[in-house]
Amino acid sequence: MSVFAWLMMAAPALACTLTLDGPAKQGGLLIGTAPVGSKVTVDGRAVRVAPDGRFLVGFGRDAAAKTKVVAETPAGLTLECPISVAGRDYQVQRIDGLPKRKVTPKAVDVARIKADNAAIGKVRRLDTQATDFAAGFIWPLKGRISGIFGSQRILNGKPRSPHNGVDIAAPTGTIIRAPAPGVVALVHPDMFYTGKSVMLDHGHGLSTVYVHMSVISVKAGQRVAKGDAIGKVGMTGRATGPHLHWGVSLFRTHLDPALLAGKMAK
Ligand SMILES: [Zn+2]
């Protein structure tokens with residue numbers, strides 16, 4: 001018997017029979033379903049599995065071409081699911097006319113930015129048992145897409161971080177709606193970059209962020225249903241015009257909201 005055959009007998013790994021719904025591409029989110037009671041790892045990291053077997057796999061902007069999901073079932077089976085992750089080409093987006101201080105912050109701004117990032121980071125570490133993500137996502141409002149996910153950004157001529165969400169231009173005051181059920185995990189009246197900001201937790205580490213708002217109409221801890229008003233479009237923080245910046249992340253990995261919401265209805 002070859003060593004390979006012996007190893008296969010010792011630890012029988014079976015072909016993938018898991019359901020994995022969603023686009024296997026950079027910026028995409030998969031909703032997986034494993035046999036009830038399974039333990040699931042993604043590239044060796046354990047992920048939360050709901051009582052009904054659902055779990056999440058996310059691919060960041062620069063996700064590697066290959067990922068492996070492994071489920072250990074209560075029956076003692078090991079199901080291996082290699083995933084090929086499609087790459088994407090990203091645009092370069094130049095934005096000029098931003099206030100200088102919002103591109104190169106003053107020393108006094110840095111402490112505020114750190115506090116803002118800490119509050120956002122805290123929400124991105126949440127791993128709640130809710131499965132609100134399973135309800136599917138709608139667009140939080142209708143408008144012209146003025147910024148897409150992943151673009152390399154040059155602000156006032158200076159290279160900055162890639163764009164980690166989608167921008168939807170709409171008149172100030174346009175109502176912003178929860179795209180999926182969730183719990184309000186953060187409300188902030190004035191962040192340095194993002195102005196009036198709201199974050200929703202949809203469970204299993206999936207959170208969404210809504211920024212530059214003119215009005216916030218929810219409170220921290222409040223439960224929202226899909227379609228509930230959470231605030232209004234504005235241009236608070238770093239913005240050259242009224243729009244909603246909508247971000248989605250699985251823990252600290254930014255995902256493309258447009259892949260969740262699909263084509264925007266006219
Ligand atoms: Zn944006």
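1. Basis. Residues are numbered from 1 along each chain as its sequence is written. The model is predicted: local features need pLDDT of at least 70, side-chain atom pairs count only at pLDDT 80 or more, and totals for chains, interfaces and linings use all residues.

2. Overall make-up. The chain holds 4 helices and 22 strands. Along its principal axes, the C-alpha trace spans about 70 × 40 × 40 Å.

3. Of the 266 residues, 36% are buried. A residue is buried if 20 or more other C-beta atoms lie within 10 Å of its own, exposed if 12 or fewer, and partly exposed in between, with C-beta atoms placed from the backbone. Two residues are in contact if their C-beta atoms, placed from the backbone, lie within 7 Å. Among contacts between residues at least 6 apart in sequence, 65% join residues at least 24 apart.

4. Two domains. Domain 1 covers 3-84 and domain 2 covers 92-261; these bounds come from an automatic or database domain assignment. Their centres, taken over C-alpha atoms, are 30 Å apart. Across the boundary, 12 residues of domain 1 are in contact with 17 residues of domain 2. On the side of domain 1 that touches domain 2, strand E3 (29-33) and strand E6 (54-58) each supply at least two residues, and E6 gives the largest share, 3 residues. By class, that side has 5 nonpolar, 4 polar and 3 charged residues. Here Ala, Val, Leu, Ile, Met, Phe, Trp, Tyr, Cys and Pro count as nonpolar, Asp, Glu, Lys and Arg as charged, and the others, Gly among them, as polar.

5. The largest nonpolar core. A nonpolar core is a set of buried Ala, Val, Leu, Ile, Met, Phe, Trp, Tyr and Cys residues joined through C-beta atoms within 7 Å. The largest one has 44 residues, and those touching the most other members are Leu56, Val69, Val198, Leu200, Tyr210, Met213 and Leu244. Strand E17 (residues 206-213) provides the largest share, 5 residues. Domain 1 and domain 2 both give residues to this core, so it lies between them.

6. Val69 is found in strand E7 and counts as buried because it has 22 C-beta neighbours inside 10 Å. Leaving aside neighbours within four places in sequence, Val69 is in contact with Leu18, Gly32, Val40, Val42, Val57, Cys81 and Ile83. Cys16 is 53 residues from Val69 along the chain, yet their C-alpha atoms are separated by 8.9 Å. With the same exclusion of sequence neighbours within four places, the contacts of Leu200 include Ala178, Val184, Ser207 and Val224.

7. Strands around E7. Two strands pair if DSSP finds at least two bridges between them. E7 (residues 66-72) pairs with strand E8 (residues 78-84) in the antiparallel sense over 7 bridges, and Glu72 stands opposite Thr78 in E8. These strands form a hairpin with 5 residues between them, where Gly76 in the turn has a positive phi of about 90°. E8 also pairs with strand E1 (residues 13-14), in the parallel sense over 2 bridges; the bridge partner of Ala13 in E8 is Thr78.

8. Strands around E4. Strand E4 (residues 39-42) and E7 pair in the antiparallel sense over 4 bridges, with Val40 opposite Ala71. E4 also pairs with strand E5 (residues 45-47), antiparallel over 3 bridges. In this hairpin, 2 residues lie between the strands, and Asp43 takes a positive phi near 50°.

9. A three-stranded sheet. The order E14-E20-E18 describes an open sheet of 3 strands with antiparallel pairing. Strand E14 (175-177) and strand E18 (215-216) stand at the edges, each with a single partner strand, so one side of each is left without a neighbour in the sheet. E14 joins strand E20 (residues 229-232) over 3 bridges, and the partner of Ile175 in E20 is Lys232.
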